[in-house]
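Trainee: Please take a close look at one part of this structure, the packing of its helices, and go through it step by step.

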Amino acid sequence: MWNWVVSILSDPNTRWILLGCLLLGFSSGIIGSFTFLRRQSLMGDTLAHAALPGICIAFMLTETKSIGLFLFGALIAGIVATFGISWITRFSRIKQDAAMGIVLTVFFGIGVVMLTRIQHSASGSQSGLDKYLFGQAASMVLTDVYVMGGVSLVLLIACLVWFKEFKLVSFDPGFARGMGLPVGVLEQFILLLTVIAVVAGIQAVGVVLVAALLVTPAAAARCWTNSLALMMLLAGLFGALSGAVGTLFSTLVPNLPTGPVTVLAATVLFVGSALFAPRRGLLARKLRSIQAKSTYMREEQAALQVHAAQPQTQKQGEM
């Protein structure tokens, strides 16, 4: 087993893909914890789909296949999408989940139209934009790993520096507003960090699946603890483990895409956590329910025995 792992890691390209997916999963799990706790699981999916027109516009303006330009366009589109969601919820009676659904469908529809137009153009066959729909982790190079490392560092530092503020905004925004915290600014800042994590993961898992790396590791970590700090750490570890498993399996099995396998690995971790977590797991709750019923039945039987013995005691006293 160890020799097999060493033989795989001897390939520089595999090492870059593995390290990139590790960093992607770690950073997505950390910022995804706040997205999950704020009940904005659809936000990652919305921002990922909204990034597609930004990628297409970057190519149409430059006619150059540049990953840096693509990611910059995706970042701008994601920021515009977040302001669009905020504008809809603030100036209309539409709730946030409906606003996210509207922005998701509109931006992704525009992106698909642009992508179709580009693919039918003279330079469309060389654009490679279709790879951003489902990801192509195998195309990672060393510079992409540096980008992933920078993104992970930025997200980690931001979550550590503003941990208390993010915690208050996530659990009780009304109390945070009463303390004088700029809740609106902090919410937009969390969305900006989410956009950065989404944009960084588009190349590896694509716009369709990148939201799973934000939600699934955080949901799995929530099954194990009630502490936000520990939840963030576990979510980052679960995300990194998913990235490593996805890379190793895709390397072992030919023609197996890394991105979808990474998402499936995260799903397996979530299922295992939902079943076997010691406090919130389904099996643990079932055992507690059985124990509670057993305790209740024993107490009822003891009460019945005491009640049945009382008449005999009274008769003996009368005699």
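Predicted model: local features only at pLDDT ≥ 70, side-chain atom pairs only at ≥ 80, totals over all residues.

Mentor: The contact draws on Phe238, Leu241, Ser242, Gly243, Val245, Gly246, Thr247, Phe249 and Ser250 from α11, and on Thr258, Val261, Thr262, Ala265, Ala266, Leu269 and Ser273 from α12. Sorted by class, the contact of α11 with α12 has 8 nonpolar and 8 polar residues, with no charged residues. As for the geometry, α11 covers residues 228-252 and α12 covers residues 258-276, and their axes come within 7 Å while crossing at roughly 130 degrees. α11 is therefore oblique to α12.

Helix α11 also meets helix α2, which spans residues 12-37; the axes of this pair come within 7 Å and cross at roughly 145 degrees. Here too the crossing is right-handed, with α2 passing α11. The contact of α2 with α11 divides into 16 nonpolar and 9 polar residues, and no charged residue takes part.

From α2 we can turn to helix α7, made of residues 142-161, which packs against α2 at an angle of about 25 degrees with the axes 9 Å apart. Because angles under 35 degrees count as roughly parallel, α2 is described as roughly parallel to α7. The crossing of α2 past α7 is left-handed. On the α2 side the contact is made by Trp16, Leu19, Gly20, Leu23, Leu24, Ser27, Ile30, Ile31 and Phe34, and on the α7 side by Leu142, Val145, Met148, Gly149, Ser152, Leu155, Leu156 and Cys159. The contact of α2 with α7 has, by class, 13 nonpolar residues, 4 polar residues and no charged ones.

Two further helices give some local detail. Helix α3, residues 41-62, contains 22 residues and reaches 34 Å from its first C-alpha to its last, which is close to the 32 Å expected at 1.5 Å a residue. Just after α3, glutamate 63 takes a positive phi of about 50 degrees. In helix α4, residues 67-91, tryptophan 87 and phenylalanine 91 are separated by about one helical turn because they lie 4 residues apart. An α-helix has 3.6 residues a turn, so residues three or four places apart point the same way. Tryptophan 87 and phenylalanine 91 form a tilted aromatic pair, with 5.8 Å centre to centre and 40 degrees between the planes. The count for the model comes to 4 aromatic pairs.

Conventions: Residues numbered from 1 in each chain as written. Heavy atoms only, no water. Axes fitted to C-alpha atoms, helices over the stretch in contact; angles between N-to-C directions. Helix = DSSP H or I, 4+ residues; strand = E, 2+ residues; numbered from the N terminus. Parallel < 35°, antiparallel > 145°, perpendicular 65-115°, else oblique. Contact = heavy atoms within 4.5 Å. Nonpolar A, V, L, I, M, F, W, Y, C, P; charged D, E, K, R; others polar. Expected span 1.5 Å × (residues − 1). Phe/Tyr/Trp six-rings, centres within 6.5 Å; stacked < 30°, edge-to-face > 60°. Left-handed = near helix turned anticlockwise from the far one by under 90°.
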